[in-house]
Amino acid sequence: MPFLMFNVYYRDSPRNYSRKFIIITTAICLFFSMTFGASAVTGYYYDIRYVFLFFGLIFGGLPAGLILLLEFVLYRLYLGGDGMGIAMVIMLIIFPLSLALRRMYLAARQKVPVVLLAGFIFFFVPLLFVYLYNPDPIENNLLFHIFVVPVQNFIGNWLLISLFQKAVKDKELFIEYAQNEKVLVISQVAASLVHEVRNPLTAVKGFLKLIRESSLERDKVNRYIDICVSEMERTEYILSEYLSISKPLTDHQESTDLSNLLKITVEVMRPYANMNNVALEGQIPEGQIWILANPEKIKQILMNMIKNAIEACYDSTEGRVTLELGAVGGEAVLTIEDNGIGMTKDQIEKLGSVFFSTKARGTGLGLTFSYQAIQAIGGTVSLKSVHRGGTRFTITLPLHERAEAK
């Protein structure tokens, strides 16, 4: 359950698991484990409580372990039975051992031997104490105690911790590459912005020199000042929108005007298109198109898709990227079309997979992130592409009625 819940809950999240997640999921699993534990003799319950305790200590730390210990004590007192006393004694021994095993696990380069050792302790110590306390249940149900109990703890401990650790490492790797991909996009766009900002600054510098060095009429001076102010405002707008796009991603969703976000992103990406000799055209409605989404994620998606389309036109003499946004049947429909190099059928099938990219130095994380983020808010992505004939992406997102301002 912790492994499955992690993959469901954090699948589209830009962050890894939290201590709160570990405590909640492990506490639920501990409760179910103790409720539906296997028993060959009334009053003696065998389950994987120690596995969840160890798991909570490894991934949630000592606070998680203490909460699980308290849960165990209270619930075991409630269950009662002849084995309640020996269960408490076993836990008093297992808990310190689990703390020691946790330290060994965190310090070890090879984790599997520590996990297997923990699984062995989790079934051997309880069986030993039960046998010393009352050997009859074990001797009368020998097959159960030498097969079922070891399998539950030994294999269960290895499976849970190994699978969860693998999922956590994969998530860390994905987050790291996704962050690097975003930094790469932002840095490349920043390089184009340098050229875009330099032009108005050069114009402002020239007009200011004219004003200072010439005896001009008041009307001309005012006109030159107006031009300078206009150029500076345009520069300020481009830089402010660039900064808003480069902000860290969050999970917050809100009513978002897709039309406005697309206009902003087009303005930020236009210098990058100009630097690559690609015409960037946008057919964006004047009205507002509302969706429920994270605006920072949507900006990042648009930047990824537009940047890919621009770079696909590297081999075209008259490269062109066309954006078209509209609302059809309760959905916002955005198409991004280029007349670039296109893709083969095999490339189309692999597109969106982690670490697959049509670019020589690409990681594929930009499109992977975009696909997952779009699907997370109920959207879809489809594409048509012809090798050497261009590509057309179609993104659909459910419309959202914006709540009236209070």
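An open sheet of 5 strands, in the order 4-6-7-9-8, shows mixed pairing; two strands are taken to pair if DSSP finds at least two bridges between them. Strand 4 and strand 8 (380-386) lie at the edges with a single partner strand each, so one side of each has no neighbour in the sheet. From one strand to the next, the twist averages 10°. Strands and helices are DSSP runs numbered from the N terminus, with at least two residues (E) for a strand and at least four (H or I) for a helix.

Strand 4 and strand 6 (residues 319-328) run parallel and are joined by 6 bridges. Across this pairing, alanine 279 stands opposite arginine 320 in strand 6.

## Basis of the model

The model is predicted: local features need pLDDT of at least 70, side-chain atom pairs count only at pLDDT 80 or more, and totals for chains, interfaces and linings use all residues. Residues are numbered from 1 along each chain as its sequence is written, and side-chain values use heavy atoms, with hydrogens and water left out.

## Helix packing

Helix 3 (residues 49-79) packs with helix 4 (residues 84-107) at an angle of about 170°, their axes being 11 Å apart. Axes are lines fitted to C-alpha atoms, for helices over the stretch in contact, and angles run from 0 to 180 degrees between N-to-C directions. Helix 3 and helix 4 are therefore roughly antiparallel, given that angles under 35 degrees count as roughly parallel, over 145 as roughly antiparallel, 65 to 115 as roughly perpendicular and the rest as oblique.

The contact of helix 3 with helix 4 comprises 21 nonpolar, 3 polar and 3 charged residues. In this classification Ala, Val, Leu, Ile, Met, Phe, Trp, Tyr, Cys and Pro are nonpolar, Asp, Glu, Lys and Arg are charged, and the others, Gly among them, are polar.

## Salt bridges

The count comes to 6 salt bridges, each defined as a side-chain nitrogen of Lys or Arg within 4 Å of a carboxyl oxygen of Asp or Glu. In one of them, arginine 49 meets aspartate 47, with the closest N and O atoms 2.7 Å apart. Both arginine 49 and aspartate 47 are buried (buried means under 20% relative accessible area, exposed over 50%, partly exposed in between, with a 1.4 Å probe and protein chains only).

Aspartate 170 and lysine 166 form another salt bridge, with the closest N and O atoms 2.8 Å apart. These two residues are 4 residues apart in helix 7 (residues 142-213), which means a separation of about one helical turn. Aspartate 170 is partly exposed at 39% relative accessibility, as is lysine 166 at 48%.

Glutamate 286 and lysine 263 also form a salt bridge, at 3.8 Å from N to O. This pair links distant parts of the chain, 23 residues apart: glutamate 286 lies in the loop between strand 4 (278-283) and strand 5 (290-293), and lysine 263 in helix 9 (residues 258-275). Glutamate 286 is exposed at 70% relative accessible area, whereas lysine 263 is partly exposed at 28%.

## Cysteines

The structure holds 0 disulfides, a disulfide being a pair of cysteine sulfur atoms within 2.5 Å. Cysteine 29 is buried, with a relative accessible area of 4%, and cysteine 313 is buried at 2%.

## Backbone with positive phi

Most residues other than glycine have a negative phi. Asparagine 277 has a positive phi, near 60°; its place is in the loop between helix 9 and strand 4, and asparagine 277 is exposed at 65% relative accessible area. Arginine 388 likewise has a positive phi, near 65°. Arginine 388 lies in the loop between strand 8 and strand 9 (390-398) and is exposed at 55% relative accessibility.
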